[in-house]
Amino acid sequence: MPNTAITANRLADGFVIYLTADGGWSESLADAAVATSNDELDALQAVAERAARAGSVIGPYAFDVETDAGRPLPRGRRETLRTLGPSVRTDLGYQAARS
Amino acid sequence: MYRYDEFDHTFVTQRVEQFREQVARRIAGELTEDEFKPLRLMNGLYLQLHAYMLRVAIPYGTLSSRQLRRLGTIARRYDRGYGHFTTRQNIQFNWPTLKDVPDILADLAAVEMHAIQTSGNCIRNTTADATAGVAADEVADSRIYCEIIRQWSTLHPEFSFLPRKFKIAVTGSGRDRAVTAAHDIGLRLKRDADGNPGFEVLVGGGQGRTPVLAVTIRDFLPERHLLSYLEAILRVYNQLGRRDNIYKARIKILVRETGRDEFARLVEEEWAHIRDGELRLPDDEIERIRAYFAPPPYQALDDACPELAVQRAGNRAFDAWVASNVEAHKRPGYAIVTISLKPHGGIPGDASAEQMEAVADLADRYGFGEIRVTYKQNLLLPDVRKGDLFALWQALVAAGLATANSHRVTDIIACPGLDYCNLANARAIPVAQAISERFADPEREQTIGNVTVNISGCINACAHHHVANIGILGVDKKGKEFYQVTLGGAADENAAIGDIVGPAFDEDRIAGAVETVVDVYLAERRGADEPFIDTYRRIGLKPFKEKLYAAH
Amino acid sequence: MPLIKNGARLQDPWFAAATEEELDRSGPMLVPLALWQEHRDRLVDRVGPIGIRLASHESPAAIADDLDRFDLVALEFPKFTDGRAFSYARLLRERHGFTGEIRAIGHVLRDQIAFLLRCGFDAFDLDERAAAGWQAATGAFTAWYQPAADADAPIPARRRYAVPARTSVSVIRSDPVQPPAPEPASCAANWAY
């Protein structure tokens, strides 16, 4: 199984968030909990689903990550764009905050 | 323009308060997301890739300068300083927060605007030809009927939970400038032998997974029966449209599976019960609405404008802009101006708050304070005196809004694509930018003439690529973006669905592929007077296919 | 589930029959379409009120000829997104002249209640949350744009006959507290406009 993390959108502003190891949510993929086994993934998904039922996060789903020097990186284009922002407006989204 | 009366004001205000309360219940956890989602969609609020997106209705693409300024203010106050105009004449804001949306809706209501039913399985914004009321070849003014349909369809209790979304378009000229052939219901205004206005009624057009052109189910519907007939169609669809599979739920599937004649029979059978009932439009009601769209105080001008000819002769850039962006007006001495939101290399259809304000000012200075949104994601000033064209153009140049490419190869329709949209498989905007940059030379662009290029980032076809002369569909193949080309589509009264040319091109090759297509056209055309679509219809797919796959 | 009728909570007097054996019971009985069609001869002779229950794919056209036998038509919403019954209710009221109870059963949201009322429903099986929100749900709008099965003048008629918008809502059919606005005299045929 590839390494997997969980992402969702935050209710209040729709921003992209990632499930962290302590059951919280961070805007930064670097903080995301990474599951390396099916059991770990099941546990993360259970936490995510509870948060969705409680209402503060919307539409959690699992996605594949690669680990580079201990930091997770998204493998798909969609998830990559979600860590950055629109590729055609690099002055907007998370990419802007970092530059 | 239509102006709200006390009933309209009360209605939108109550709608805002209702949504405010629904948002509060959602935030308090009293509504689940599954329950809230259809409610927020019916107020135009999507959840997209990076954030929420609010789609604001611009009924039949008509705006006052005050309304356009308000959209600019909203972009600045609640969003990231810009908005995106869509193929259904609406505007989208890409970064609102949930808690701000009721306030945004309240700010919109104050200028007689709303976001009602811009999403959801209900009747959406009824669109019109953007030149309604001013086109030289107009049969009748579609805006009147669009406004009547808008009110009737607003929070219609029977049709708010349809099998799927429902889109109606009305065109007022013999030329179809509202893409009626690709709508769930298309209405084409015409007159009977006595000159009375009515509609040819088409149903079952649509793009997406299964592109289909609408079929005519009634050749002439007198105007007074407009609403009862629509109600009959919607009632048949609401009862019989498929609800087992969202990809088969549009009316186009019902029409195809039932057969056009049987479908028409079902509609006529229902209509027979209601045609002379409460929905029959009295003549004075149609007149009452028509009065809102009475012509503005045009001056009596000569159509000949000698100074315009001199200005055109003296300035090549201005001359090219007039050739591409200015159309004939029904009033002598006036012209219709398209303001392109497709700067070469720019994001199609986007406008900054400053640009919106600049256009609003120009509409006031060089018109009667009215702006239109076109389905090609451009803006339009409907009433410019020919004598003012040069001054207007100079002001547009200063505002960066003078790209002379209306209907040209760089007047590209592109959906937001994977850069913004949750449904997308591929990005569309960078492809538009690459193509646009390739054809940025103004002389070359004028030489190529009129051609439609549309780019959709997924099979939902929001950019209408199926009915483009050169259609591009972004797909995901093994994690990479590829682009499939179709040729020979058309969105006008000779509507056609494009033909797939062959294997898709990767993102580095797609702009070159479009260039190859254009080169074939230029080589094969019978002179500059034969536009791309005519050449395609004459020579077919083969010459294009050969060159595309020989070169690549 | 709470049953709301005419704005008030009621004990439901109806028994929902599911099998042939249950058809022998006495008292008000709600019968699904299949059972009605199979045992119609026996049921028409029955003493006691009969109601018919239609699934969302079952149009009232199937029982139009028998409508005067029913005191209740129950229309199912398997999901709140399945909006077929809005049309069925209007047809029952406006096409077939049905004056008995039309009840919404299944999954309906509080935010659909105003639409349901306008289409001719007058009874609702609601979950607790929806029932608690009844007042807010019916009070959100004081005028609507199009005619439906309800008795209220839609906005075009109010404009024409200068009927002001209400200050509060009375969409409930037999609401004793708020009498409906007086109907303008000669507008029966052109009520909407």
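**Contacts and domains in a predicted model**

Modeller: In this predicted model, the centres of domain 2 and domain 3 of chain B, taken over C-alpha atoms, are 32 Å apart. Residues are numbered from 1 along each chain as its sequence is written, with chains lettered from A in the order in which they are written. As the model is predicted, local features need pLDDT of at least 70 and side-chain atom pairs count only at pLDDT 80 or more, while totals for chains, interfaces and linings use all residues.

Colleague: What makes these stretches of chain B domains?

Modeller: The bounds come from an automatic or database domain assignment, which gives domain 1 (6-109), domain 2 (134-290), domain 3 (306-398) and domain 4 (414-551).

Colleague: Which residues count towards the contact of domain 2 with domain 3 of chain B?

Modeller: Two residues are in contact if their C-beta atoms, placed from the backbone, lie within 7 Å. Five residues from domain 2 of chain B and seven residues from domain 3 of chain B take part.

Colleague: How many residues of chain B are in contact with chain C, and which element gives the largest share?

Modeller: 33 residues of chain B are in contact with 34 residues of chain C. α1(B) gives the largest share of the chain B side, seven residues.

Terms used
Helices (H or I, at least four residues) and strands (E, at least two) are DSSP runs, numbered from the N terminus.
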